[in-house]
Amino acid sequence: MILHIILPIILLALLDIFTFKIPADTGERLGYTITVWLSFAVFLTIVSDSLPQTSESVPIVSIYIIIQLLMGTLVVLISTVEAGLITNPDSVPVYKILRFIALRLRQNNVKSAEYTEPEIDSEIDLEIPEVKWKEAITAVDTCLFFISMGIFLLTTIICLCIIAT
């Protein structure tokens, strides 16, 4: 069962997660996410015949498949929204939450040895650093990649531990 059902789902879920490594401004990304999602759907159609049709409890494999399908659906929706946002002109201001994420990631990318805290002069107005849409979406993709990978690892380990017992 693990070889024929769980392993393909794990591989499809990994393909889904690595969507966030494809640049959002390329047209192939949305096609890729939809193709992976459709692969999930086709695989679920094939697998549904091998799962028990009636039982008192829902098999853990079914729950795992549903979680991964929901994650795949979220990836498609997020990629669709990002494809629309990244086409915004630079004259349109970046949303505050996206700017915050991009600035935090930018700050974390600066090496501590090279970075010195600027001196604050009370007479000088501090400017808010400019963040472009592409940088903001790339920062969100980086965060979503690690969040998705964490959820994937957690659900996979839990599922495999339950199946092993």
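At what angle do helix 2 and helix 3 pack, and how far apart are their axes?

## Helix 2 against helix 3

In this predicted model, helix 2 covers residues 28–48 and helix 3 covers residues 60–85. The two pack at an angle of about 160°, and their axes lie 9 Å apart. Since an angle over 145 degrees counts as roughly antiparallel, helix 2 is therefore roughly antiparallel to helix 3. Their crossing is left-handed.

Sorted by class, the contact of helix 2 with helix 3 has 10 nonpolar residues, six polar ones and two charged ones.

## Helix 3 against helix 5

Helix 3 also has a contact with helix 5, which spans residues 133–164. Here the axes come within 11 Å and cross at roughly 175°, so helix 3 and helix 5 are roughly antiparallel to each other. The contact of helix 3 with helix 5 has 16 nonpolar, four polar and two charged residues.

## Helix 4 across helix 5

Helix 4, made of residues 96–109, meets helix 5 at another angle: their axes cross at roughly 75° and come within 8 Å. Angles of 65 to 115 degrees count as roughly perpendicular, so helix 4 is roughly perpendicular to helix 5.

On the helix 4 side, look for Leu 98, Ile 101, Ala 102, Leu 105 and Arg 106. They meet Trp 133, Glu 135, Ala 136, Ala 139, Val 140, Thr 142 and Cys 143 of helix 5. By class, the residues of this contact of helix 4 with helix 5 are nine nonpolar, one polar and two charged.

## A cavity inside

How many cavities of 30 Å³ or more does the structure hold? There is one, and the largest cavity has about 60 Å³ of space in it.

The lining of the largest cavity is formed by Ala 13, Asp 16, Ile 17, Gln 68, Met 71, Val 75, Ser 148, Ile 151, Phe 152 and Thr 155. Helix 1 (2–17), helix 3 and helix 5 are the elements that each give two or more residues to this lining. The largest share, four residues, comes from helix 5. Divided by class, the lining of the largest cavity has six nonpolar residues, three polar and one charged.

Methods
Residues are numbered from 1 along each chain as its sequence is written. This is a predicted model: local features need pLDDT of at least 70, side-chain atom pairs count only at pLDDT 80 or more; totals for chains, interfaces and linings use all residues. Side-chain values use heavy atoms; hydrogens and water are left out. Axes are lines fitted to C-alpha atoms, for helices over the stretch in contact, and angles run from 0 to 180 degrees between N-to-C directions. Angles under 35 degrees count as roughly parallel, over 145 as roughly antiparallel, 65 to 115 as roughly perpendicular and the rest as oblique. A crossing is left-handed if the near helix is turned anticlockwise from the far one by less than a right angle, and right-handed if clockwise. Ala, Val, Leu, Ile, Met, Phe, Trp, Tyr, Cys and Pro count as nonpolar, Asp, Glu, Lys and Arg as charged, and the others, Gly among them, as polar. On a 1 Å grid over the protein atoms alone, a cavity is a set of points where a 1.4 Å probe fits but cannot get out, and a pocket is an open set with protein on both sides within 12 Å along at least five of seven lines; lining residues have an atom within 4 Å of a point. Grid points are joined across faces, edges and corners, and a volume is the space filled by probe spheres set on the points. Contact means heavy atoms within 4.5 Å.
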